[in-house]
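Please read the following points with the model open.

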Amino acid sequence: MYLDPVLMIALPLFAAFLIPPLARISKGLVKYVPVLIIGFNLYETVMLLPHSMVKPVIVIIAAWAPPLGINLTIGPLGNVLALIISLVGFVVAVYNIRFVEEEPNEKYHMLFLLLTAGATGMVLTGDIFNLFVFLEITSISSYALTAFLRDRDGAEAAFKYLLIGSMASTFILLGIALIYATTGTLNMAQIAVRLKDVDPRIAIMALILLITGFGIEAEMFPLNGWAPDAYSQAPTPIGAAFGGIVVKAGVYALARLIYTIFSFQGIFHFILIAGIITLLIAEMSAIRQKQLKRMLAFSSIGQMGLVLIALGLATTRGVEGGLFQMFNHAMIKPLLFLSAGYLVFYSGSKNIEDMDGMGRVKPLLSFFFAFGAFAILGLPPLSGFWSKFIILSETISHGFIAVATLALFGSIIEAVYYLRVVGRLYFKAPHDGAKVQYVPKSALVAMSILALITLVTGLYPDLVMTYLKPAAAELIDKSIYIKAVLSAGL
Amino acid sequence: METIPFILSILFGAAVLAYLVGKFNYILKVGVSIVGLIWAGWLFLGLQGTLSSFTFKMLGFDIIWRINPLSWLFGMIIFGLAILTAIFSGSYMKGKERVDFYCFAMCITVASMFGIVVSGDLLSFFFFWEIMTWSSFLMVIYYRYEAQAAGLRYFVMSMIGAYAMLTALLIVYAQLGSFLFDVLSAGWSGFSLTLQIWLFVLFVIGFAVKAAMMPLHTWAPDAYTISPAPFTALFSGALSKMGIYGLALLFFVFGAGKLASSVITIQGVSLPGYILAWFGAITALLATFKAIVQDDAKKLLAYSSIGQLGYIILGFSLSSSMGVTAGLYQAVNHSIFKGMLFLAVGAVFYRTGTRKLSEMGGLITRMPYTFFVVLLGIITVAGMPPLSGFTGKWLIYEALIEKHLIFLAVVAFGASTAAFLYLYRIIFTIFLGQRPKRFDEVKEVPWMMRAPMLILALLTVYLGFYPYQLLDLINQAQVYMGIAPFDLSHSMLFNSYGNVSTITVMNIVAVVFFIVFILFNTLYKRSRKVGLKDIHTSGEVPGEEINLHYAVDFYQPFARGVSIFLKRSVSKIYASLADNLEGLFDVMRYVYTGNGQTYALFVVIALAFLFLVKDFLV
Amino acid sequence: MRKAIAVLFLGFIGYYLLSTFLLVPFGVVRVLEGVGLKYLQDGLQQTGAANLVTSIVVNYRGFDTLGEVTVLFLAATGMGALLYSKRPTERARQNASVIVKTGARILFPLIIILGAYVFIHGHLTPGGGFQGGAIIASGFLLMFMSYRTYHVNHVILSRVESSAGSVFVIIGLLGLAYGSSFLANILPLGTANTLFSAGVIPLIYVAVGFKVGAELTALLDTMLQTVK
Amino acid sequence: MDILSIIWIIVMPFIGSLVGLTYMGIGRKIIARVQHRYGPPIFQNVVDVIKLYSKRSAITHGVMFHLAPNIAITGTISTLMFVPVLVGENAISLFSFQGDLILILYIMVFGCLAMALGAGQSGNPNSAIGVSRGLTQMFGYEIPFVIALVTLMVQNETTSVQNIIAAQDSFMHWNIFQSPFAFVAAMFAFLGMMGNKPFDVPFAPAEIASGPPSEFGGKYLALMQTNRGMFAFVKLVLYVDLFLGGATNFAILLVKTFAFYLIPLFVGIVNPRFRTEQAMTFFWKWPTAIGLAGFLLVLL
Amino acid sequence: MIYYVAAISLILIGIYAVLVKKNMIKIVLGLTLIDSGVNILLVSLGYVKDKTAPIFSNPTLTAGDMVDPVPQALVLTAIVIGVAVTALALSIVIRIYDHHKTLNINKIRELKW
């Protein structure tokens, strides 16, 4: 049985507010708060699944039915994404327990909690301005977390991120303004209904502005200049969270826009093309990177390119594949980042060439990295295989053979750079100065969870697919969503 | 319990279990994998002739796993070789590090190969194909320090092949809405000619990479050389056969063979088949040239393996009854002899620690069993009667001559002749000639390693004497593939062009040999055994420091003669291609200038661009 | 070069943006069924707050406001994290002149009172928690500028922040517990245009006021403290 | 299988080696005469072999060394068994109905391999060098040889030697006239096969002390010489079968084979020795070109 | 109408500053300019001619007399967010200055690799 889903947002905020006093009592206690709260979110999302799959769960806030008040619309899509976010958030929170020793670490946990809450809010809310507010919560906490280590590079990355992120919010706000001015409402379902009567010249401008804005969060090329820097310079768990949480929320918003709110067909082609360009440029850049985490960042961008391709196909199966890819990426990329975090920590350097021989010094850690690399390359029986397979299958089915070929080319590049790193981990002799310290149990638990999910999903993809099908249906057939929201108001 | 999933779970289970218990006890982990393989193999053996199948749905795709005579044939190759190599490695890997990892990857590889042959649909075929790729990749990189480049090359080439195949099978799915072989074979003829050719090319690329067909072979020499010896046997013997199996599927199950009727034929061979046959033949010839000039025993065998696979491809692409029989027979046979040769070289490496031909010599007295195995092996490879290799050679030449493919026949003959060169080299430089002092104390390998090699060796003798049982199995597969079976009614190798009775040949050789042997050894008293230094040197007494072993640059004149072929190398072309691509990537990378303002400018440009094209987005 | 490109593309964007916005009529009621008109019509009855902006901010779209508060809280936290250092260093601030100092001392309580007034009457008059909080913070800014050594106790600030934020959430949760939903108005609406009206709206706004005031002050203080 | 064929099967190896060794003796005589020497008696080679057989002691360098002549002669006799010696009414076809040309091609090499192995174990570097050169050269002459044989097989649509002979039922149907190009190519290959100058680099007595057999003596050498003689005979008979329509009685057989034997002999007398790679690449030039010309003829 | 032009001009000027100015403080100022522009735009979208603020401060006022309150509420939120971002931006700039001793953004591009 689930509690009121609004708690999934209210509780983290509450906890975040309470952390400073708690920190005065006991600093050690603070780091368990995110685990607890996000664990609760996880529980909620899982418990909600059977309900939302049948019919979107509408949560009314402040007693005002939509469109008057803000509401949470927990459809299959929102629920699945919230699940992904909570899952990644939970794992990263577990990992955080021992990873962050940087002061003031209670602030770190607070920021992280809010990051997760913001992303959860983004995927659950049914109001476009509320979406923007949660986006801001997510991004502002991301900016702060990027620079959290207060080092030279972190600050630089954060500034770039902030610069681009602010532009994103500008454009989103402009888009919302246009929408409100023409439809007189902010509820997404109602907007979707009313936009039909709106001058398409205005509507398309609104869509462009919103896409540019959310495209920045979704790492669409060329809007993703911030991503490699932020991913690589933020504390490692945050890099993982970017890949598993922030981007997912951004892509969700994008999908919601192009599928539910607007009904322009041409935009799908744009998304498709943007996807393939994103993928190619990212993979090409990734292969030339010298820093491990930066390489992972580019790889993450590339994966999102694949998701965009899937979304651009605008077919049920394509969207299913895209969602599956998002799920897998959300499991695998954090796994890679988390293991990379300790690899970087132990080798004492961010550079790939200093990772030599870590496979000997840190076998388990390297195993997780290699496991993640294999999974992300789409090697069966790990989960990455299925999502890639479905997406490519759908791409080819719709005649975009060139796109599929290019995507496969990207995959080959990906294989090269991942295996180069794995090669270094296992084949090169370790450096003399390699510190030998134990990897904390919490980190291992976190990574094991992700690896296990990857394996299980790979062996039995229907486990996840069962829930992704309604989610995809929700996107393709927007009337499900609209009807559910608007009927709640009556 | 359904047998096929059960076998698969045994194999995967054995892999995981071997890895888990591997932390504790050596015998346990090796034992687990051997027992798992034997159990699975035993169950599989019982599937002969049955049409067991297992269907289920995954992600909405129909999946079918089934057994048919063709897959049973290839399955037996896999299990036979896998069990023997596993036993071999039980001794070979002793004392090596990360044996648990080795057993794990070995079992996974076998499981995936088994999965490939039982797959009745393209999806699970590809699924297992990819598993096979990575698990064998793990084996290639088993030796950490030497293996990186080779492993990477192997993996990338495999990926290219796999993705070509993936594209093809997804196109098929897009056309037919199903991955099932049956649907494909029914639907193939409905495709347009262009599509048929595209699919054909893509599938061939996919399979040819694994079968190491030139020019997609560049991964093979290094990967074979680097991987642990027992696995190399499996690699060359069974894993590369998966490419062949794929070609067999492509031609006769998917229905690419039907392509023949719709396009130009050359002497009764469809144009695609004819082109492929040339690829096979040239592979056979050039790989043999390459093999001759190698100094690394495994590399030599690797090139030899590439060459032999070229023969098999040649046979298949003829699509005639004879050609396919030749291809299938050679596939089985190649598994046997390449398996034993790789194992033998591995055994030598196990004892001497080197694979350099020029460093060894005179081991015959120290490792007689291994020598015997290699001797039988090279006779088989050379295709000399009375051992099993001859049948394969005979079938292939008959197939070629029957189709009047003169040029192909000459190239094939040439390659076969050239093979004598490297075969002699490998046996001479390792086992004959002068023995370096440091190998004086070398011992024969333990029985656990000897036995698998000897079993394989005896198999070649048996097949040389009586190949008809195997040919009968091949006939069953051929009937399944819709090809006229090979005429076995005469109890000899027989077709309208000629005939050979292997039994007679074996009998003559045996009888003559023993008569001469008995006469020779009874009429004369025992010869006096003298040392290897006691040779004709024009009266000089050779000292220790004088090199009496002619092994370095053994075929230098040959290399000079064929330098024109050896000079150019596909791998160099690939390497320069890769370099250029990386250069391109480096340029692309500069999109990310590191300047935040530039990124902001990108955003603005993107927005402006979108505004510009907004009418297209509606 | 960069300038030229920037100008070019910005001109481009400006042209398109403007031409789009010109399609949106200015100064008229464009959408007859818009939520804005609904609020105008029913807002007073439904929320009991005379200031409709407040009723929207705190009640209809109270969830946004919770987010907004969080954003500010985040900024403060983030800044605290970024500018954290073990030993805060003081910038060599100059004391202001006596006139300013004296003026500030006199003005400070007045500003605080004004701020308090603004947020307490948020549901009645223009203004509200954010505005009031900002005014309070400006009072502290005045003090910072005037007195070299003036500091606010961070512990107190942070407690105020936390408790105010918690109060907001608790009110919301109470709505969930006793009313129909999160942030539901569980108190009687009272008579419009009186101080004690509009149910929880003033309560929330007071909390917000405290919170914003504390946070902005904390922001200012943090910046001053760490700059070398 | 009647008793006569069994007798022929048993006797044929002896006849073969005798004829072969005698041809060699004649060859030596001819060479000597050309060089204005008297030369050894015609039966000198036979006598030598008998002498070697009667030597009671021998030294061996190991198992392979010991077995090599044994296996070599096994290979040669086996080859002989599949070559029809006489055709027609008094046919001596041995086992040739149970094996075809491809078998002959491959089983011919069997003996050579054994020799090479024996030479390898002798421990003498010259032997190994000889083998290396021999194999290289072999790869050279096999090309035109194979071209010729494939031409014959395709032309006659058979791989059976018996059938090829049967097709040459009259003088003008001899393959030497039917496919002259193939014949020329095959003759070039024959030069290499016989190992006379200019293609004697594998043995090169002055340079590597006659190469592979240099360590063999006594009974081993005897067996090897027998083998050599018999092998020459087998090759000659095969060529006669393939190009001259076989022979119906021993007289014709001897004439035809001796005619073939003379060709490499005469070529050898007037030519110096090729280097190894020269020998190999030589075969890939004119002989191969001629063979390919024959191919095109067949194809057209 | 002029509000639109003004607001969009503000936005463009802000973006121009972000794109071209070298000093990071000025860039942050550009960001606030953008914010202001957007806010003005929002408010002006809610404006209806001849109508008053949406506060029922005296009973004579009816719903028909007031401008749309929603944009105002949104602007309130947007302002706060703008403030938060600016504050954070400034603190990041402070950090950068600590490390680089410069505010020139062209010199802060170490993260190329």
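1. With 300 residues, chain D would have a radius of gyration near 19 Å if it were a compact globule, and its value of 19 Å agrees with that. The radius is taken over C-alpha atoms, and the globule rule is 2.2 Å times the number of residues to the power 0.38. The C-alpha trace of chain D spans about 55 × 50 × 40 Å along its principal axes.

2. This is a predicted model, in which local features need pLDDT of at least 70 and side-chain atom pairs count only at pLDDT 80 or more, while totals for chains, interfaces and linings use all residues. Residues are numbered from 1 along each chain as its sequence is written, with chains lettered from A and ligands numbered from 1 in the order in which they are written.

3. Chain D holds 13 helices and one strand (DSSP runs numbered from the N terminus: H or I, at least four residues, for helices; E, at least two, for strands). Along the sequence the pattern is α-α-β-α-α-α-α-α-α-α-α-α-α-α.

4. Of the 300 residues in chain D, 64% are buried, that is, 20 or more other C-beta atoms, placed from the backbone, lie within 10 Å of their own. Among contacts in chain D with a separation of 6 or more, 78% join residues 24 or more positions apart; a contact means C-beta atoms, placed from the backbone, within 7 Å.

5. Chain B is divided into domain 1 (265–527) and domain 2 (569–617), with bounds from an automatic or database domain assignment. Their centres, taken over C-alpha atoms, are 52 Å apart.

6. In chain B, helix H3 (residues 69–92) packs on helix H4 (residues 99–118) at about 170 degrees, with the axes 9 Å apart. Axes are lines fitted to C-alpha atoms over the stretch in contact, and angles run from 0 to 180 degrees between N-to-C directions. H3(B) and H4(B) are therefore roughly antiparallel (over 145 degrees). The contact includes Phe74(B) and Ile78(B) of H3(B), and Met113(B) and Phe114(B) of H4(B). Its residues divide into ten nonpolar, two polar and no charged; Ala, Val, Leu, Ile, Met, Phe, Trp, Tyr, Cys and Pro count as nonpolar, Asp, Glu, Lys and Arg as charged, and the others, Gly among them, as polar.

7. Between chains A and B, 51 residues of chain A are in contact with 44 of chain B. On the chain A side, H18(A) gives the largest share, twelve residues. That side comprises 38 nonpolar, nine polar and four charged residues.

Conventions: A residue is buried if 20 or more other C-beta atoms lie within 10 Å of its own, exposed if 12 or fewer, and partly exposed in between; C-beta atoms are placed from the backbone. Two residues are in contact if their C-beta atoms, placed from the backbone, lie within 7 Å. Angles under 35 degrees count as roughly parallel, over 145 as roughly antiparallel, 65 to 115 as roughly perpendicular and the rest as oblique.
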